[in-house]
Amino acid sequence: MTGMSGGSGLHLAGKAEFLSASEATLINWIESARENITFLGAGLSLKLAQSLVCQKHLLAGGVILDNDQQVYQNGYGSVEAVRLLQANQVHLGQGRNLRLNILVCDQKALIYSPTPVVLEDAPTRQARPCR
């Protein structure tokens, strides 16, 4: 938004997209990375941690997590995922009160609000027709 008084504004180097931040999308981004990966967030799943371990040579910024008991109680991540990262010598940084996740792969960034596992695993009901 150039031209606004008081600052340079927002500059996007490439195109902006809106997409679903499903686990499959995140894993695809990680597996497709060729230059660098950084993950910052409340927590992560075991499958996501496994993908990061496979690409740990690209983890330039490492993995920064809100490694707090409440995060796991609220379903934002898996303790097993953290243990897997630690066992594979992935650099873990500590963030506080993180509730957004950011995944940077090469020249792309995905910013999303993670869905707690307790909500994802809730039984689904069939949709009722509108009245």
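Analyst: Let me begin with burial: a residue is called buried under 20% relative accessible area, exposed over 50%, and partly exposed in between, using a 1.4 Å probe and protein chains only. This is a predicted model, so local features need pLDDT of at least 70 and side-chain atom pairs count only at pLDDT 80 or more, while totals for chains, interfaces and linings use all residues. Residues are numbered from 1 along each chain as its sequence is written, and side-chain values use heavy atoms, with hydrogens and water left out.

User: Fine. Is L48 buried or exposed?

Analyst: L48 counts as buried because its relative accessible area is 4%. L48 belongs to helix 2, where helices (H or I, at least four residues) and strands (E, at least two) are DSSP runs numbered from the N terminus.

User: What does L48 touch?

Analyst: Leaving aside residues up to four places away in sequence, L48 touches E23, L26, I27, I30, F39 and Y112, with contact meaning heavy atoms within 4.5 Å. As for N28, it is 20 residues from L48 in sequence, and the C-alpha atoms of the two are 10.0 Å apart in space.

User: Which other residues of helix 2 are buried?

Analyst: Besides L48, the buried residues of helix 2 are A49, S51, L52 and V53. The buried residues of this helix pack against helix 1, strand 1, strand 2, helix 4 and strand 5. L52, for its part, touches I30, I37, F39, L44, L59, V63 and L85, again not counting residues up to four places away in sequence.

User: Which residues touch the most other members of the largest nonpolar core?

Analyst: They are I37, F39, L44, L52 and L85, in a core of 25 residues. A nonpolar core here is a set of buried Ala, Val, Leu, Ile, Met, Phe, Trp, Tyr and Cys residues joined through side-chain atoms within 4.5 Å. Two or more residues of this core come from each of helix 1 (23–32), strand 1, helix 2, strand 2, helix 4 (79–87), strand 4 (101–105) and strand 5 (108–112). In soluble globular proteins, nonpolar side chains tend to be buried together.

User: Step back a bit. How many helices and strands does the chain have?

Analyst: The chain has five helices and five strands, and from the N terminus on the elements run α-β-α-β-α-α-β-β-β-α. Of the 131 residues in the chain, 33% are buried.

User: And which way do strand 1 and strand 2 run, parallel or antiparallel?

Analyst: Strand 1 (residues 37–41) and strand 2 (residues 62–65) run parallel and are joined by four bridges, where two strands pair if DSSP finds at least two bridges between them. From strand 1 the chain passes through helix 2 (residues 46–54) to strand 2, in a β-α-β crossover that is right-handed, meaning that, with the strands pointing away from the viewer, the path from the first strand over the helix to the second runs clockwise. Between these two strands, L40 has I64 as its bridge partner, and G41 has L65.

User: What else pairs with strand 2?

Analyst: Strand 3 (residues 92–94) does, running parallel to strand 2 over three bridges, and there I64 has G93 as its bridge partner. Strand 1 also pairs with strand 4, in the antiparallel sense and over four bridges, with L103 as the strand 4 partner of F39.

User: New topic: where is N97, and what is its phi?

Analyst: N97 is in the loop between strand 3 and strand 4, and its phi is near 60°, a positive value in a residue other than glycine. Most residues other than glycine have a negative phi. N97 counts as exposed because its relative accessibility is 61%.

User: Where is D106, and is it buried or exposed?

Analyst: D106 lies in the loop between strand 4 and strand 5, and its phi is also positive, at about 55°. D106 counts as buried because its relative accessible area is 19%.
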